[in-house]
Amino acid sequence: MAGYLTISNSKELLRLPTDNIVYVAGGGDYSDIMMADGKKRTVTCQLGQVEDMLSAQLGQNGSHLVRIGKSLIINMNYLSYINPSKKQIILSDCKSLEFSLSASREALTDLKIYFD
């Protein structure tokens with residue numbers, strides 16, 4: 001069953017179905033949340049804060065959203081390719097959606113070992 005990530009501040013409320021979150025990329029005090037419909041939502045939260053919200057709001061139901069490295073949370077349901085030597089990961093729905101991202105070699109090696 002899909003859960004929702006709710007991010008709220010004094011100006012707005014954002015409620016996103018977590019099954020449709022492809023990845024979250026952190027960049028300083030902001031995080032970009034990329035959705036399966038191709039839309040990007042930018043929130044004023046550090047990646048660690050988003051990670052904490054996912055854990056607090058979803059518990060084990062959020063186990064498909066995994067942090068890899070310092071600046072990326074990925075939805076494991078979209079993971080289709082890992083190449084640690086090229087520092088590349090591809091997230092795809094195997095239809096029309098595909099995102100090629102970079103992450104540290106160490107993070108991708110750890111992720112690859114998870115599947116071996």
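The legends below describe several views of one predicted model.

**View 1. The whole chain and its order of elements.** The chain contains two helices and ten strands, where helices (H or I, at least four residues) and strands (E, at least two) are DSSP runs numbered from the N terminus. Read from the N terminus, these elements follow the order β-β-β-β-β-α-β-β-β-β-β-α. The chain is as compact as a globular protein of 116 residues, because its radius of gyration is 14 Å, close to the 13 Å of the globule rule. That radius is taken over C-alpha atoms, and the rule is 2.2 Å times the number of residues to the power 0.38. The C-alpha trace spans about 45 × 30 × 25 Å along its principal axes. Of the 116 residues, 40% are buried (under 20% relative accessible area; exposed means over 50% and partly exposed in between, with a 1.4 Å probe and protein chains only).

View 2. Strand 1 (residues 4–8) pairs with strand 2 in the antiparallel sense over five bridges; two strands pair if DSSP finds at least two bridges between them. L14 of strand 2 is the bridge partner of I7. Strand 2 (residues 13–17) has L14 and L16 on its covered face, whereas L13, R15 and P17 lie on the uncovered one.

**View 3. The surroundings of H64.** H64 is located in the loop between helix 1 (47–58) and strand 6 (65–68). This residue counts as buried because its relative accessibility is 12%. Apart from neighbours within four places in sequence, H64 is in contact with T18, D19, I74, N75, M76 and N77; contact means heavy atoms within 4.5 Å.

**View 4. The surroundings of N83.** N83 belongs to strand 8 (residues 79–83). With a relative accessible area of 14%, N83 is buried. When residues up to four places away in sequence are not counted, N83 touches Q88 and L108. R67 is 16 residues from N83 along the chain, and their C-alpha atoms are separated by 17 Å.

**Note on the model.** Residues are numbered from 1 along each chain as its sequence is written, and side-chain values use heavy atoms, with hydrogens and water left out. In this predicted model, local features need pLDDT of at least 70 and side-chain atom pairs count only at pLDDT 80 or more, while totals for chains, interfaces and linings use all residues.
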